[in-house]
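Please find below a colleague's note on the structure shown here. It is written as numbered points, each of which may be read beside the model.

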4 protein chains.
Amino acid sequence: MNSYGNLFRITTFGESHGPAIGVIIDGCPAGLTIDEDFIQSELDRRKPGQSKITTQRRESDIFKILSGVFEGKSTGTPIAIVIENEDQRSKDYSHLSDIFRPSHADFTYDAKYGNRDYRGGGRSSARETAARVAAGAIAKLLLRSVQLEINAYVSQVGDIAAPHYTQLNLSNTENNIVRCPDEPTATKMIALIDKVRKEQDTVGGMVTCIIKNTPVGLGEPVFDKLHAELGKAMLSINAVKGFEFGSGFEGIKLRGSQHNDEFYKEQEKIKTKTNHSGGIQGGISNGADIYFNVAFKPVATIMQDQKSVDKAGNEATVSGKGRHDPCVVPRAVPIVEAMAALVLADFLLRNKVSKL
Amino acid sequence: MNSYGNLFRITTFGESHGPAIGVIIDGCPAGLTIDEDFIQSELDRRKPGQSKITTQRRESDIFKILSGVFEGKSTGTPIAIVIENEDQRSKDYSHLSDIFRPSHADFTYDAKYGNRDYRGGGRSSARETAARVAAGAIAKLLLRSVQLEINAYVSQVGDIAAPHYTQLNLSNTENNIVRCPDEPTATKMIALIDKVRKEQDTVGGMVTCIIKNTPVGLGEPVFDKLHAELGKAMLSINAVKGFEFGSGFEGIKLRGSQHNDEFYKEQEKIKTKTNHSGGIQGGISNGADIYFNVAFKPVATIMQDQKSVDKAGNEATVSGKGRHDPCVVPRAVPIVEAMAALVLADFLLRNKVSKL
Amino acid sequence: MNSYGNLFRITTFGESHGPAIGVIIDGCPAGLTIDEDFIQSELDRRKPGQSKITTQRRESDIFKILSGVFEGKSTGTPIAIVIENEDQRSKDYSHLSDIFRPSHADFTYDAKYGNRDYRGGGRSSARETAARVAAGAIAKLLLRSVQLEINAYVSQVGDIAAPHYTQLNLSNTENNIVRCPDEPTATKMIALIDKVRKEQDTVGGMVTCIIKNTPVGLGEPVFDKLHAELGKAMLSINAVKGFEFGSGFEGIKLRGSQHNDEFYKEQEKIKTKTNHSGGIQGGISNGADIYFNVAFKPVATIMQDQKSVDKAGNEATVSGKGRHDPCVVPRAVPIVEAMAALVLADFLLRNKVSKL
Amino acid sequence: MNSYGNLFRITTFGESHGPAIGVIIDGCPAGLTIDEDFIQSELDRRKPGQSKITTQRRESDIFKILSGVFEGKSTGTPIAIVIENEDQRSKDYSHLSDIFRPSHADFTYDAKYGNRDYRGGGRSSARETAARVAAGAIAKLLLRSVQLEINAYVSQVGDIAAPHYTQLNLSNTENNIVRCPDEPTATKMIALIDKVRKEQDTVGGMVTCIIKNTPVGLGEPVFDKLHAELGKAMLSINAVKGFEFGSGFEGIKLRGSQHNDEFYKEQEKIKTKTNHSGGIQGGISNGADIYFNVAFKPVATIMQDQKSVDKAGNEATVSGKGRHDPCVVPRAVPIVEAMAALVLADFLLRNKVSKL
């Protein structure tokens with residue numbers, strides 16, 4: 001199914017090279033002021049062609065709201081958003097109709113569905129994430145009502161890593177094209193991506209996301225733990241291979257006596273002195289910063305010839321064409337934020353019925 | 001909500017120290033032979049008191065099927081399974097009714113619900129996972145019908161790590177109490193856990209899971225990608241802090257030209273020469289081994305005094321009592337397998353309607 | 001699936017002659033006082049053997065809460081309720097294992113599932129409704145917090161009908177064994193049921209339900225209209241053949257000018273002078289009385305020999321045995337109320353997120 | 001929520017006088033040939049302005065598919081359909097922005113959401129059903145693969161009723177503008193509607209629906225009984241007040257010995273001699289004709305002045321303006337069929353996992 005969320009639920013549609021992509025947001029409470037400029041600015045952060053280190057495909061990604069908003073406010077009915085596909089150079093893909101590109105979804109879609117829209121990856125293209133970003137912008141508007149803030153940034157490209165988030169000024173993220181708030185690291189990252197691009201290759205990266213001011217109590221016990229939904233949401237983004245929050249994989253090596261976060265009281269609030277828990281205990285937010293890392297593999301489309309097979313299993317060569325990102329993480333930053341916003345917005349609503 | 005799965009759906013209930021825990025499995029196809037001995041053997045792998053390196057709490061974890069099975073076969077109606085709680089030393093916990101244990105769910109449950117069953121963690125206790133293991137055993141029985149096999153093992157305890165899974169004989173996993181199939185590593189892990197236990201501390205660990213013979217085509221595009229659901233399922237297990245599949249976090253450092261898995265044909269099947277994809281492309285299984293890692297933090301309950309606060313925010317001391325695991329991963333192995341089985345069983349059924 | 005409801009969700013399990021039946025209530029807000037005596041009293045209204053006009057099967061229908069309640073209050077975690085089956089005279093049914101009883105679910109279950117628990121109808125038995133009544137009692141407790149009241153009664157048996165609800169004193173419903181608040185009508189109904197019973201036959205009937213003090217705004221537009229969910233909930237009860245609310249089927253004959261309900265203001269509230277709308281406009285409650293009728297067919301099990309076929313299609317005779325109701329409606333009254341309560345409780349919670 | 005269905009799931013969006021309405025169909029199996037002419041012909045049956053007895057609002061209701069179809073076949077990805085609103089005479093409604101029209105959804109939407117798109121009823125307008133008809137057309141295409149046929153017709157207008165369906169030739173339904181297959185009755189119905197229209201009033205009616213060739217086994221026991229979902233689907237259509245299937249409300253008066261449907265074998269199939277069950281036993285189709293009645297109230301918008309109140313509770317007069325149907329049932333016929341098709345398509349898919 002192509003839906004996400006329980007009470008704040010989105011359903012996306014659309015293929016890379018079809019007439020349009022879009023999303024229905026069902027469950028947005030009535031009375032929310034819908035700031036269309038903000039939605040556009042979020043889409044602009046994700047759109048292709050932003051800089052020399054992103055794909056040169058041209059899409060203006062202008063959205064149109066078809067329903068659910070009246071006189072600038074949400075009405076409680078479904079908000080439908082459509083984004084037309086403009087730059088549909090489908091002929092770039094006609095040579096791929098029968099060939100399975102390595103580490104793409106061509107083979108698995110074909111096996112699952114029997115047929116597929118092969119143009120630009122069709123439904124499996126990351127173009128679908130534009131719909132998520134539009135919906136996520138509305139989720140962010142809802143979360144502003146409780147002062148919740150979500151900030152993601154590029155924390156690693158290849159083997160170049162930024163310092164820990166507590167040592168960064170996150171307001172600097174948008175100051176450079178790689179979206180790393182540490183300028184010296186950003187410079188190195190950009191150089192690496194540029195180098196990789198010239199080598200007609202791609203490279204992986206990591207996005208880190210920080211969520212501040214989360215109300216205490218969001219998340220549901222057992223299966224729908226806050227971090228479990230965040231994990232699912234992130235892993236659903238194209239090219240993601242891993243998710244960790246709080247102490248993450250490093251926490252394996254710690255002792256309980258080192259890892260436990262001591263409670264104390266400050267200004268009438270119960271807080272923790274450390275935050276190995278990553279702001280989530282027992283699947284429920286405790287009010288501290290939520291932070292997590294998302295690992296992205298190198299983009300599968302490279303500008304080199306690769307061996308593969310066609311539908312019949314005959315040997316074939318995949319020749320790199322089209323316009324693609326040498327590294328996905330700079331454009332993934334707003335996508336990570338959008339998915340986080342969708343998760344949090346949903347839990348914010350779900351929590352309204354947790355007690356009498 | 002306390003349900004998991006779409007077509008093969010479980011709903012669990014029960015608190016650590018209430019009368020019983022249990023699960024309803026809704027959506028198990030009719031006609032499946034229900035092997036009760038197998039279900040019990042799975043529960044036995046998870047139950048407490050198995051060895052010197054697990055908690056000494058005594059639960060026989062004998063289950064009872066209340067419905068949905070007739071003359072040894074599933075009838076298509078809900079299968080309800082109940083496991084009584086026997087060893088309910090609630091008094092071990094009465095001193096904790098008002099105190100928030102560090103890095104436990106006490107504070108967050110209290111904030112979310114206003115009241116809570118504080119005995120042994122109540123609903124937030126890992127005791128709930130026994131219900132998952134019982135349900136997972138039935139999912140495994142269903143998956144046997146397509147020869148799908150799931151094998152998890154302990155791959156790391158503290159900083160002691162086992163070799164890569166391709167160098168291991170997974171049939172050795174149950175040969176030692178730590179459930180690591182590499183005997184030399186297992187010996188070191190056991191020694192470390194024993195040392196930590198004597199220090200009245202705990203330590204983290206990692207479970208790796210290998211799924212073989214997955215039919216091609218399982219998983220749904222976009223949000224319900226196979227690895228996204230596996231990630232959510234794993235992150236929903238108590239104490240889990242991270243999930244990665246295929247190349248995972250290491251894949252960040254690779255180039256696309258290194259990471260891409262080349263397709264070829266062998267014995268009328270399309271396969272890949274390498275498997276950085278971890279058996280999943282575009283969210284859908286490609287038939288290769290699915291493999292993933294699950295990071296567990298050190299257990300929060302330690303036998304040392306810790307500073308904390310009570311409900312009113314007054315300073316308080318949490319004194320370690322009760323019977324707890326010094327390291328959760330040996331008992332987590334069957335839980336990881338159970339959750340993986342529930343995910344796969346659900347996608348197996350969901351895939352029956354993917355095409356005409 | 002065996003679940004009902006979105007936020008206040010129940011999942012029932014159990015067969016007529018298995019070890020037990022039961023229900024999990026997931027989504028009951030924390031902090032609700034759980035009055036166990038009230039739950040039992042509701043179950044007692046439904047249980048068999050109450051009077052000469054109901055089945056003589058003996059079930060004490062004593063329930064047990066396994067989870068979700070601590071110190072008398074709901075904790076926000078799943079409330080599991082189990083009712084053991086005591087009077088399992090399975091041998092009454094062994095002669096039916098291969099024969100399809102007319103107008104029962106034997107044939108359709110067999111076709112759908114391949115096998116079935118034939119004892120007493122198994123899952124298709126109305127015994128399952130005891131679980132609904134237990135859950136409905138908790139829904140009623142939740143609805144009391146907003147003063148909402150649900151009262152059903154028997155409004156017709158065969159061709160004997162009670163006056164319109166506005167002419168009845170609904171507090172008299174429990175005064176007689178047929179549960180019709182109009183005593184003269186009740187006397188006739190009882191006589192008719194008794195006559196039918198002696199003829200070894202059965203007869204149909206109607207239950208009318210009145211809901212007072214519904215908050216304005218419950219129900220969701222489009223598919224989940226309040227009356228659409230009430231209709232589904234009622235039609236899901238065994239033997240129900242029809243549902244109408246407000247003007248119902250009679251409304252077909254009216255003109256718009258007669259049918260429209262004029263708005264006016266009284267004591268600072270907007271009300272309607274008439275109530276053909278049945279308290280629901282556009283799928284959403286308007287604060288007026290909700291009223292609806294539920295049609296029940298005559299019970300299919302009759303004490304006469306009937307022609308039928310067996311699994312192989314050979315002619316066979318079904319001989320009436322066992323202990324059955326000559327008319328289902330007296331015992332259906334608490335079931336109708338329970339289902340109505342479950343619908344309203346769910347919408348009460350859902351409405352908490354309709355606006356900012 | 002604005003979604004319907006489990007595996008074949010639709011989500012509709014759009015307001016009467018916004019830019020567009022539409023639907024996403026999620027879960028249509030891949031490989032279905034999408035006959036666009038058929039979809040358009042179904043929309044044409046519903047569209048306004050067809051005849052003198054329907055509203056004169058002009059909408060061409062031309063649809064556009066944005067996704068999910070490639071080279072004429074469904075791809076398994078979401079099918080998004082958009083229908084632009086052309087004839088948006090919003091000014092017809094500006095005088096109603098603060099007034100609650102009697103027996104409309106104005107008051108309840110306002111109470112529920114705080115604000116509303118008052119133009120033409122906004123989301124509560126029956127215009128939304130065009131989206132259902134488009135989706136239902138695709139469901140019909142899917143059902144054709146199992147030869148299932150759905151035929152609805154107008155069986156009553158006011159007090160003029162058609163003979164029982166078994167005495168009608170359903171292929172005549174489209175031969176007249178009222179969609180009653182019995183020509184003499186149709187003539188009387190048309191005359192009545194025309195008379196009512198001239199009186200600036202409206203009148204109620206009934207639609208009967210016949211489903212032939214349903215495979216045995218569709219429908220789920222307990223809550224999601226086939227007739228319970230049909231009932232919900234029908235009751236979710238604007239202006240519907242009642243639903244009955246098989247013997248319906250008349251069945252109340254029968255004895256079990258009269259009502260039971262005797263099984264027999266014919267041509268290797270098990271059938272029933274009578275069909276009071278309406279093709280459904282225990283919530284599951286038995287292969288016989290499914291038939292049901294749907295009661296529609298008179299349309300609330302009448303061309304007469306009516307008393308009402310405004311938002312503040314002040315007395316106000318609603319003056320009939322705009323272009324409306326004097327009787328809704330002729331245009332409701334394709335809507336009833338569409339909703340029936342959506343229910344059956346969903347159960348067809350759900351039944352694919354009922355047994356091993």
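Predicted model: local features only at pLDDT ≥ 70, side-chain atom pairs only at ≥ 80, totals over all residues.

1. The relation of chains A and B. Chain B is superposed on chain A by a rotation of 180° with 0.0 Å of shift along its axis, and the RMSD is 0.0 Å. The two copies are thus related as by a two-fold rotation axis. Of the interface residues of chain B, 100% are also interface residues in chain A, so the copies meet through the same surface.

2. The extent of the interface. In chain B, 107 residues are in contact with 107 residues of chain A. The area buried between the two chains is about 8,000 Å², and carbon and sulfur atoms give 60% of it. On the side of chain B, the residues that lose the most area to chain A are B:Lys112, B:Phe223 and B:Lys241, which together make up 11% of what that side buries.

3. Which kinds of link join chain B and chain A? The count of salt bridges between them is six. A salt bridge joins the side chains of A:Glu229 and B:Lys232, at 2.5 Å from N to O.

4. Helix α4 of chain B. This helix covers residues 183-198, and at 1.5 Å a residue its 16 residues should span 22 Å; the end C-alpha atoms are 23 Å apart, which agrees. The buried residues in α4(B) are B:Thr185, B:Ala186, B:Met189, B:Ile190, B:Leu192, B:Ile193, B:Asp194 and B:Val196. Among the elements of chain B that cover these buried residues are β8 (149-157), β9 (160-161) and α7 (329-350). After α4(B) comes B:Gln200, which has a positive phi near 60°.

5. The setting of B:Asp61. Is B:Asp61 buried or exposed? Its relative accessibility is 0%, and B:Asp61 therefore counts as buried, the cut-off for buried being under 20%. B:Asp61 is placed in the loop between α1 (36-46) and β4 (63-65) of chain B. Its side chain and that of B:Arg127 are joined by a polar contact of 2.8 Å. With neighbours within four places in sequence left aside, the residues in contact with B:Asp61 include B:Gln40, B:Leu43, B:Arg46, B:Ile83 and B:Ala130.

6. Helix α3 of chain D. The 16 residues of this helix, residues 129-144, should span 22 Å at 1.5 Å a residue, and the end C-alpha atoms are 22 Å apart, which agrees. The helix α3(D) is mostly covered, since 15 of its 16 residues are buried.

7. Positive phi in two loops. Which loop holds C:Ala239? C:Ala239 lies between α5 (226-235) and β11 (240-245) of chain C. Its phi is near 80°, a positive value in a residue other than glycine. With 24% relative accessibility, C:Ala239 counts as partly exposed. In chain D, D:Ser103 is found in the loop between β7 (79-84) and α2 (106-113). D:Ser103 is not a glycine, although its phi is positive, about 60°. At 5% relative accessibility, D:Ser103 counts as buried.

Conventions:
Residues numbered from 1 in each chain as written. Chains lettered and ligands numbered in written order. Heavy atoms only, no water. Helix = DSSP H or I, 4+ residues; strand = E, 2+ residues; numbered from the N terminus. Expected span 1.5 Å × (residues − 1). Buried < 20%, exposed > 50% of the residue type's maximum accessible area, 1.4 Å probe, protein only. Contact = heavy atoms within 4.5 Å. Least-squares fit on C-alpha atoms with pLDDT ≥ 70 in both. Polar contact = N/O pair within 3.5 Å; in protein donor to acceptor, adjacent residues only side chain to side chain. Buried area = accessible area lost by both parts, 1.4 Å probe. Salt bridge = Lys/Arg side-chain N within 4 Å of Asp/Glu carboxyl O.
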